[in-house]
Amino acid sequence: MRRALWVLAVLLSHWRRHRMQFATLLIGLIAATALWSGVQAINQQARSAYDRAAATFGGVRTATLVASNAATFPQDLFIKLRRAGWPVSPVLEGRVQINGRAMRLLGIEPVTLPADVGNAPRLGAADLSSFVAAPGQTLVAQETLNDLHEQDGATPSISSGAKLPPLHVQPQLVPDVLVVDIGVAQRLLNKPDQLSRLLIGEAKGKPAQLASVVGDQLQRVEPTAETELERLTDSFHLNLTAFGLLSFFVGLFIVNSAVGLAFEQRLPMLRTLRACGASARLVNTVLVVELVALALVAGLIGLVCGYFIAAALLPDVAASLRGLYGAQIPGQLTLKPEWWLAGIGISVAGALVAAATSLIKAVRMPVLATAQPYAWQQRQRRWLILQSVAACAVLAVALLLLHYGQSLIAGFGVLAALMFGAALILPAFLEILLLAGQHFARGPLALWFWADSRQQLSGLSLALMALLLALAVNVGVSTMVETFSRTFVGWLDGRLAADVYISAADNAQGTAIRNWLKDRSEVQAILPGGRAETQVQGQPVELLGLPDHALYRERWPLLENAPRAWTQLVPGNAAFISEQLSRRLNVRVGDVIEVPAPGGTWELDIVGIYADYGNPKGQLAVNVAALIRQFPQTPQTRIGLIVPRDRIPGLIAALQKQFALDDRAVADQATVKAESIRIFKRTFAVTSALNAFTLGVAGIALLTSLLTLANSRLPQLAPLWAIGITRPRLAAIELTKTLSVALFTSLLAVPLGLLVAWCLIAIVNVKAFGWRLPFHVFPLQLVELVTVALIASLLAALLPVLRLARMQPASLVKVFANER
Amino acid sequence: MSADKLSRRAFAGGIAALALARRAHAQGYAGLGEAADGFAKVTPGKVFAFPADHGPHPAFRIEWWYLTANLVDSNGAACGLQWTLFRQAAKPGPQGEGWANQQIWMAHAAVTRADTHRFNELFSRGGIGQAGVEAKPLAAWIDDWEMKGSERTDDRSLSPVTLKASGTDFNYALTLEADRPVVLQGDGGYSRKSERGQASYYYSQPFYRARGTLSVDDKPVDVSGEAWMDREWSSQPLDTDQTGWDWLSLHLSSGDKLMLYRLRQKDGKDYPFGNWIGADGRTQMIAGGDIQMTPKATVDVAGRKLPVEWQIAIPSRSFSIACKPLNPRAWMGTGFSYWEGPISFTGTHAGVGYLELTGY
């Protein structure tokens, strides 16, 4: 034991003399653990939020019965089914407004609620009798209570004037959802004896055939393995995980080079220890113990950093998910013990993997072996060939996936294989480039320059691969975000056609406002709007009412349309369909779609397809008057106005004064647009932040690789100095070499990045969001990125080069004495 | 005195709401111990009126329709079944409409053979038609389980009626017929628990002849035998010092019926009671001191030791029998759990019956 401690003390003494190296090792491990565990923390948090959501959605993992051709159906069918032995539980869902804030109201029936509804929170356990018996309870998340500025037990009114049962916090609920007893929901939503759906519990016994009980009034919706929302959010998390994994590998590159260097430098030390009588087993064990101890320390620090990264990004993630998919996740971070354990585990495992080559070398080292310089050329050739073969195989997989893959996962698979393959093939590419350089080189120094660059390749390749990947991801993601941004802003311009938007509290106020506006001289047009919700082929669909006005004809962009599409829309038997819904239902212009309406089926000719970015719901746009005819319950509270620009502030002030409307209820186009763009920007904030992190980590990788190489390359440089090349000259050559290799890599990253962007836009986007974007290239952005990469490389290369330039001639002489 | 049996079922009924919340928790029931404030009181001198009293009495806190049957299948093998519908009012006051109705319904059904015991439970809110009871013609239902009369059903004997229930792996359908009127228990149907002044309204139909089909694992067999129905309602709760009870209903081969139970208390004492119903329908109470109930053998079920074999003697009637269960593992693992299964007995008298054990 004592002996082991001494060996450990000797080994550790190395770090005291090489503090920078020690720092790189720790930075590598910390960066790897921090980014990986940070991303995991976000994912974990979001997932537990979905589980909460899943429960309130009425169990996305539960089979349900829904009306075949309407949003709701009579409660009578529920009783009929129960009496026929169907273990069903009723749900009524709708939207209500509290203080101008829209909330989802969910009516459930706790007595029949299946115990196995997804990961349902145990609503039954929250005092059942106070939930069911009058006055009942409104279960809400703490966040909702805060948003409403209400206390537990308060009874706020909804816009119809009815009071909610006392609010009661239920920790497992998602924000913006109110859960009440089904009877209360029917009263609040003014849908007596109506239900939205039936959850099907575990059958005990043999229920009769569905059709024999309710005819064709209800249809069964199986719990799809993945719901739309799950699929969408999964894609988001896959994205994050991919970033996390990438960062983790880049971090391991750093660890690998630091450990490799330490091993090379400690070879004489190990030999001495062995010669002093320490057994190979003891020395190796101590090496492993040392590494694990370092990994534990770095892992802990990394976890703390990861926690802060996650905590900093989570609000953006929450905003992203809300903005993109309407999925609510709370903005606060809570972590499970498993997260900490997994983080430490991955840090230790990563360190061991990264150090594996060095450790194996140490195990195999004969006692008296001297540190032989590498037989670079032969080793490298074999290694290059093997790696290139692997790269080709991976790229072939990418092609296969691209051709045959249908799912979102396949889309991400293409991306991963593409990047991995490109990284693997990079050294071979550079080798060919350098070989070509060497071929055309004249003069001994130039020849040496190229040959030495080639020799350096295997040592630098991991760092260069990291740089390539980080750059490619950066190029890809920023191209996509920029494309998305431009398309979105252009689309928004068209969408926000009116100058002022008003959202009245209820129909009465809506009418009052319209009447009041008629007498205002500055109002050039009043454009009513409206929305209704229904289900088409089991999918929730939003119906958007558009007024018949020239402004819309001019500015509402259509991707495809039939001739005279806007004119066809007016009579009320035609509709535009959103791009997402048209893909989902496989509907084209010229098709007919049957929409369930309260008065019966509403047949609509599809006369146009429009882009509806960022909307998780399918949408149909119809004439607003027709919408109100078909859905008389549609709230007539949305009003758009056309007003000369200079008279907008005055009108808004007058409106606010007259009707006590707050900022949310009345807004001018510029504000709405700014708000929309702000929300949109936030949705990609996480991506940008992680992007920056990855680039930073790649820079660190490059720096540490160069530091590692700098020392091991002294034996190569010393002879050059000895034959008369000055140290500054040597340093300049070294710098040129590093920068040129980095430049090659950056230039290779550009086409790879564009390919990544294309994959994101043409494959991943379509699968995840349901829309396809036009593909734009932004050359200035690319130049910018390549410059940033070169500056990073320059900074990374500068430190070792400066050391070389300043190195005492005596040190270079020592190289001959010690190593040669 | 049969009010003590009320306690047993009051417990079961009272626990229904809690069982819904998936926690069978004896202390939680203590809330019922407070008062019957606002609920109708059980007072002596009630004149029973049929068919009205076959229907529900929502002004009272708890009520049940409880049936057990000792049957023999077409192969001569003995079996038993249970069908119970409990009503519990969550709070007193006028009946709310629709979902605002304050009644909660719970039902248990079981089938017991020597080699297997199957059970199931159901829950429902009142007021919406998923569960309920109507007096004329009798219809007591929850989901697809029901006890149902017809235009032919006689109000006095509550006969004939049909019965059905099912579970994942069993179902049954019976026709029940009796040629004698229902029997009012206690003092003209006012059944008082002497020491505590608690009481219930209570009548039984112990003379049913049952016939029908019983199916376990999709293998239907014809069955026939005897059945016993209890109707009871009250607003009085269970006392907190009662820990459980051992209850028997016996069909003697002579045609007489006997109901016996022993109420166990925290202090370790127990109080036996009995009621002898002659084949002519006359009832005679048996003094507690005259009943000897001795557990003979226990069985480990669901982590509990349950006395499933009994030696029972009533010296004044020269009655001495040994009871054995048809299946010692007749455990009702429902939200509120207990042991309930068919038994047979021999000795000075022979016959079949049902045994219920709670609070173990």
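Predicted model: local features only at pLDDT ≥ 70, side-chain atom pairs only at ≥ 80, totals over all residues.
Ser318(B) sits in the loop between strand S19 (304-314) and S20 of chain B. Its backbone stands out: phi of Ser318(B) is near 50°, a positive value in a residue other than glycine.

A residue of chain A shows a positive phi as well. Asn586(A) is not a glycine, yet its phi is about 55°. The loop that holds Asn586(A) runs between helix H17 (579-585) and strand S16 (592-597) of chain A. Asn586(A) has 7 other C-beta atoms within 10 Å, so it is exposed.

Asn327(B) presents another setting. This residue lies in the loop between strand S20 (319-325) and strand S21 (331-332) of chain B. The threshold for burial is 20 or more other C-beta atoms within 10 Å. Asn327(B) has 20 such neighbours and therefore counts as buried. Contacts of Asn327(B), leaving aside residues up to four places away in sequence, are Thr112(B), Arg113(B), Ala114(B), His117(B) and Gly341(B). For Arg113(B), the sequence separation from Asn327(B) is 214 residues. In space, the C-alpha atoms of Asn327(B) and Arg113(B) are 6.5 Å apart.

Two cis peptide bonds in chain B can be described. One joins Phe50(B) and Pro51(B), with omega about 10°. Pro51(B) belongs to the loop between helix H2 (16-20) and strand S1 (62-73) of chain B. The other runs from Ser159(B) to Pro160(B), with omega near -5°. Pro160(B) is placed in the loop between strand S7 (145-148) and strand S8 (161-167) of chain B.

The last topic is the contact between the chains. Chain A gives 23 residues to this contact, and chain B gives 24 residues. On the side of chain A that touches chain B, the elements giving two or more residues are helix H3 (76-83), helix H4 (128-132) and helix H6 (182-188) of chain A. By residue class, that side of chain A comprises 10 nonpolar, 8 polar and 5 charged residues.

Notes: Residues numbered from 1 in each chain as written. Chains lettered and ligands numbered in written order. Helix = DSSP H or I, 4+ residues; strand = E, 2+ residues; numbered from the N terminus. Buried ≥ 20, exposed ≤ 12 C-beta atoms within 10 Å, placed from the backbone. Contact = placed C-beta atoms within 7 Å. Nonpolar A, V, L, I, M, F, W, Y, C, P; charged D, E, K, R; others polar.
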